[in-house]
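Here is a briefing on one protein chain. Look at the strands, the cores and the charged pairs.

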Amino acid sequence: MGIRIDAEVGYPVNDEVERVLGLAEAVGEPVTVTFMWEGGRPSQRAVLVPSATLALWEHWAPAAYPAGEEAASEEPELAHPEEFGAFTLFRRLVGGRTAVVRDGVVVAELLDPGEAHWLEEKARNVRQGFMDPKQKAAFEEFLARQAERGGE
C-alpha cells in the first residue's frame, strides 16, 4: 500500500500529526502511519485512506470487513474528538475507524491495516470482474463469434 510514514506524536507540544495528515491528503493515496503516543499509551498502526479512495473501495467491496476476535476483546475508547491543528479526529466506537475532518469536511479515515488491505483487495477483485451492460453484450457477441469459427 502507498507510502509508510512513522510519526512520533507529542500532542499537543508539536504539529507532527497535523503535518502527517496534511501530507496524506496531498498525496491522495493510502498512507501507513505508526503513532507512537507519549504517556504510556501503546503505539497504534493505521492506514490513512483519503475519502475519495475509501468511497471507491467501499463501492466495489461486496461486504463489510469481518471483525476478528481481537477487535471484540478490546474495550472501546471514548469517542471524544482530538484536535491536531486544522484537523480533528473523530474515533467511532462502532467499527473502530477514525474520521479525519478539516473545515467540517471528512478528508480521510484511519483504518486498521488489515481492514484497509481487505477492502482494497475486495474492491480490486470485484471491479476487475465488472462489465457495464454494453461492454458485457459486446464481449458475449465476440465470444459467440469465436465459438462459431472454432466449430467450422
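Phenylalanine 87 stands opposite arginine 102 in strand E6. This is a predicted model. A search of the whole structure finds 4 salt bridges. The largest nonpolar core has 17 residues.

**Strands**

- Strand E5 covers residues 87-91, and strand E4 covers residues 82-84. The two run antiparallel and are joined by 3 bridges.
- Glutamate 82 stands opposite leucine 89 in E5.
- The hairpin of E4 and E5 has 2 residues between the strands. Glycine 85, in this hairpin, takes a positive phi near 60°.
- E5 also pairs with strand E6, residues 98-102. These two strands run antiparallel as well, with 5 bridges between them.
- In a regular strand, side chains alternate between the two faces of the sheet.

**Nonpolar cores**

- Which residues touch the most other members of the largest core? They are Leu21, Val33, Phe35, Leu48, Leu89, Val100 and Leu110.
- Several elements give two or more residues to this core: helix H1 (16-27), strand E2 (31-36), strand E3 (44-50), E5 and strand E7 (105-111).
- H1 gives the most, with 4 residues.

**Helix H2**

- Helix H2 spans residues 51-60. Thr53, Leu54, Trp57 and Trp60 are buried there.
- Why do these four count as being on the same side of H2? They cover an arc of only 135° around the axis, so they share one side of the helix.
- Ala52 and His59 sit on the other side of H2, where they are exposed.

**Salt bridges**

- Glutamate 58 and arginine 97 meet through their side chains in a salt bridge, at 2.5 Å from N to O. Glutamate 58 lies in H2 and arginine 97 in the loop between E5 and E6, so this pair ties together parts that are 39 residues apart in sequence.
- Glutamate 115 also forms a salt bridge with arginine 97. The closest N and O atoms are 2.7 Å apart. This pair links distant parts of the chain, 18 residues apart: glutamate 115 is in helix H4, and arginine 97 is in the loop between E5 and E6.
- Glu58, Arg97 and Glu115 are therefore linked in a network of salt bridges.
- Is arginine 97 buried or exposed? Arginine 97 is buried, because its relative accessible area is 13%, under the 20% limit.
- Glutamate 115 is buried too, with a relative accessible area of 10%. Glutamate 58 is partly exposed, at 38% relative accessibility.
- Arginine 102 and aspartate 103 meet in a salt bridge of their side chains, at 4.0 Å from N to O. Arginine 102 is partly exposed, with a relative accessible area of 31%. Aspartate 103 is exposed, at 70%.

**A nonpolar surface patch**

- Met131, Phe139, Phe142 and Leu143 form a nonpolar patch on the surface. Together they have about 330 Å² of accessible area.
- Where is methionine 131? Methionine 131 is in the loop between helix H4 (113-129) and helix H5 (133-151).
- Methionine 131 is partly exposed, with a relative accessible area of 32%.

Definitions and conventions:
Residues are numbered from 1 along each chain as its sequence is written. This is a predicted model: local features need pLDDT of at least 70, side-chain atom pairs count only at pLDDT 80 or more; totals for chains, interfaces and linings use all residues. Side-chain values use heavy atoms; hydrogens and water are left out. Two strands pair if DSSP finds at least two bridges between them. Patches are made of residues with over 30% relative accessible area and no salt bridge: like charges are joined within 9 Å, nonpolar side chains (Val, Leu, Ile, Met, Phe, Trp, Tyr) within 5 Å. Accessible areas come from the Shrake-Rupley method with a 1.4 Å probe; for residues, only the protein chains shown count as cover. Buried means under 20% relative accessible area, exposed over 50%, partly exposed in between (1.4 Å probe, protein chains only). A nonpolar core is a set of buried Ala, Val, Leu, Ile, Met, Phe, Trp, Tyr and Cys residues joined through side-chain atoms within 4.5 Å. The arc is that of the directions from the helix axis to the C-beta atoms.
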